[in-house]
Every structure is written in structure tokens, then in C-alpha cells.
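Below are my notes on the model you sent, as numbered points.

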Amino acid sequence: MPTDTEQIIYYLSEDYLIKKQDNGLYAVTNAGALLFAKKLSEFQYVSRKRLRVIQYNGNSRISTKNDITFDGGYASSFEEIIRYIGSILPKTENIENGIRTNTPHYPEIILRELIANALIHQDFIPTGVGPTVEIFNTRIEITNPGVPLVDINRILDNPPKSRNEILAALMRRFGICEEQGSGWDKVAAYSEIVKLPAPKIVEYHESTKVTVSDFIPLNKMSREDRIWACYLHACLKYSNGEQINNSSLRERFGLPNKENSRISRLIKETVENKLIKPFDSETAPRYMQYVPFWA
């Protein structure tokens, strides 16, 4: 930390956190407020961009249990946000060797990546709207203003793009995001590790919503969700230089060998939806492997 005030002012200016005015004084920029404000509500142009976290009773929006808006800047409040959300999410109690532990239903790394993405990549032009996290009994919905900058179907392999480069670069330096395009790879990978359904992305006219669901057995998933999970599994494997097959999909869903035929049907449905294709169409069906349609 520089001890000289002029040096501090210089570095804050270089990072676009403050800006010199015509009268010789310095003012906090919108980027500075968004990252470090103690009270975002006091900054007119970004006050509506505060993160709102709503917890509902049940799986509908009829009854609200908690509703809190974080007034601090994104960088200075991020850990507080993650701790708060983690404290109200469902957990499973386990007792092993006389020691009681609580296992969260949603890995923290998934929430960190998705919330950081929502904050950093939101569109600041629409007025009256801001990022929102809605928590239901069996799912979490994270919504931010602005449509995705990349095709949803290519979310795992596209090079990183940022709508707000200054914000993204600073958040990377603070260790909150990586700015490498690997956030969704982590989200997809950890969803598979704990056998959660694949996170779902829905694009609206001026906003994007990502839904993370609690554990759902494969036979209870919708057809759309099964196919999306199969496709993301193929994308994740391909990014690691691998292909998917019946065995890898059974492992992804935590199914025994006797579910071979069910997984075969799922692969067939995903191929029919033109989301995956055979890696080598000449291979015998028993040894067939698959890759994403764009590979």
C-alpha cells in the first residue's frame, strides 16, 4: 500500500475507480461505486444494481421467507453474500464416528461462479432492474439484466467475452473471478460430481436466468433436462480431450450397469435433437462414443 496520498490517487485513477473533475477534485466512478461502495443506494446511477436475495417458502413465489438487498459494493460484499446464501440453503445432516457434519445440497463453488458471472456480465444500460438470487425449496434461480454474449449451446467452449471489461479485470485481480472462460466448466463439472441436474440457462428479451436444481433422480427429470445434461456432459468431456459413452453417462448420473438401456435411449434422444454425434460412425454400436455437435 503506497504511503503517499498522491500515489494512492494515481493508482485509483489508473484503475478507473476515481476520476479527476474540471474543478481539480476527484469523484468516484460508477465502477468504483459498484465494487467498493459502503452504500450503493447513495449512488444514483447504480443504486438499482444492488444484489437482491429472496428466499421463498416452498417452490413458488407466493410466500416470501426472507428478502435482503446487499447495499455494499460487489467486491467488498462478495464474501458476505456467499456466506449469507450458504447459511440459508438446505443441508443434509450426517453423523459419522460420533461427529455430526452438515453437507450443503449445492456446492459453494457453483454458487460463487454463477453469482460472480451474474454481477460481472450484467447489462448496466436497462434501468430499474438488477441482479437477483431467488431461493426455493428445490432450486436456485440467478437472474441478471442482459442477454448472454455467447451462444448458450457453446457456453463451455467459447473464448471468454466480457460486457464490462474494467469490472471483470478488477474482479479477477481480487480473486473473485478468473476471466478465463472456465467458470461454466467448473459449474458443469461440480454439478456432475455431486450428481445434480445440469444447470439450465434461459435467455429472455433483456435478461438471463440460470437455474440450479437440487438432486433429481434421472427418471424424475423432464426430457428436456435429461437431454441438456447429456449434452453438457459431452461438452465437458470434449474440453478434456475425451468422448462420452454409455458407461460415462451412467457414472455421471450415478446409475448401475443394469440401467444400460435407459442411458442408450437418452443418448439416442440427444442425437435426434442434434446436440451430439458419433465420434466414429463406423464403430460397432456397443463401443460407440459421442462428441458435441460442433466438434
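1. Phe70 has a relative accessible area of 4% in this predicted model. The limit for a buried residue is under 20%, so Phe70 counts as buried. Over the whole protein of 295 residues, 43% count as buried.

2. What does the ring of Phe70 pair with? The partner is Tyr84, with the ring centres 5.8 Å apart and the planes at 65°. Plane angles over 60 degrees count as edge-to-face, so this pair falls in that class. Phe70 belongs to strand 4 (residues 64-70) and Tyr84 to helix 3 (residues 74-88), so the pair links a strand and a helix across 14 residues of sequence.

3. There are 7 aromatic pairs in the structure. In one of them, Phe36 and Phe174, the planes are at 65° and the centres 5.5 Å apart, so this is an edge-to-face pair. Phe36 sits in helix 2 (residues 30-36), while Phe174 is in the loop between helix 5 (165-173) and helix 6; the pair therefore ties together parts that are 138 residues apart in sequence. Phe36 is partly exposed at a relative accessible area of 38%, and Phe174 is also partly exposed, at 36%.

4. One aromatic cluster is made up of Trp228, Tyr231 and Phe293. A pair of aromatic rings is described by the distance of the centres and the angle of the planes.

5. Which residues of helix 5 are buried? They are Leu167, Ala168, Leu170 and Met171. An α-helix has 3.6 residues a turn, so residues three or four places apart point the same way. The cover over the buried residues of helix 5 includes helix 2, helix 3 and helix 4 (108-120). Just after helix 5, Gly175 has a positive phi of about 80°.

6. Helix 6 (residues 183-193) packs on helix 7 (residues 223-239) at an angle of about 115°, and the axes are 10 Å apart. Since the range from 65 to 115 degrees counts as roughly perpendicular, helix 6 is roughly perpendicular to helix 7. The crossing is left-handed. Helix 6 contributes Asp185, Ala188, Ala189 and Glu192 to the contact, and helix 7 contributes His233, Leu236 and Ser239. Sorted by class, these are 3 nonpolar, 2 polar and 2 charged residues.

7. Most residues other than glycine have a negative phi, and most peptide bonds are trans. Tyr16 has a positive phi, near 60°, and is placed in the loop between helix 1 (5-14) and strand 1 (18-20). Lys274 likewise has a positive phi near 60°. Its loop runs between helix 9 (260-272) and strand 11 (276-278). With a relative accessible area of 67%, Lys274 counts as exposed, because the limit for that class is over 50%.

8. For the overall picture, the protein has 9 helices and 12 strands. Its C-alpha trace spans about 75 × 45 × 40 Å along the principal axes. Among contacts with a separation of 6 or more, 57% are between residues 24 or more positions apart.

Notes
Residues numbered from 1 in each chain as written. Predicted model: local features only at pLDDT ≥ 70, side-chain atom pairs only at ≥ 80, totals over all residues. Heavy atoms only, no water. Axes fitted to C-alpha atoms, helices over the stretch in contact; angles between N-to-C directions. Helix = DSSP H or I, 4+ residues; strand = E, 2+ residues; numbered from the N terminus. Parallel < 35°, antiparallel > 145°, perpendicular 65-115°, else oblique. Left-handed = near helix turned anticlockwise from the far one by under 90°. Contact = heavy atoms within 4.5 Å. Nonpolar A, V, L, I, M, F, W, Y, C, P; charged D, E, K, R; others polar. Phe/Tyr/Trp six-rings, centres within 6.5 Å; stacked < 30°, edge-to-face > 60°. Buried < 20%, exposed > 50% of the residue type's maximum accessible area, 1.4 Å probe, protein only.
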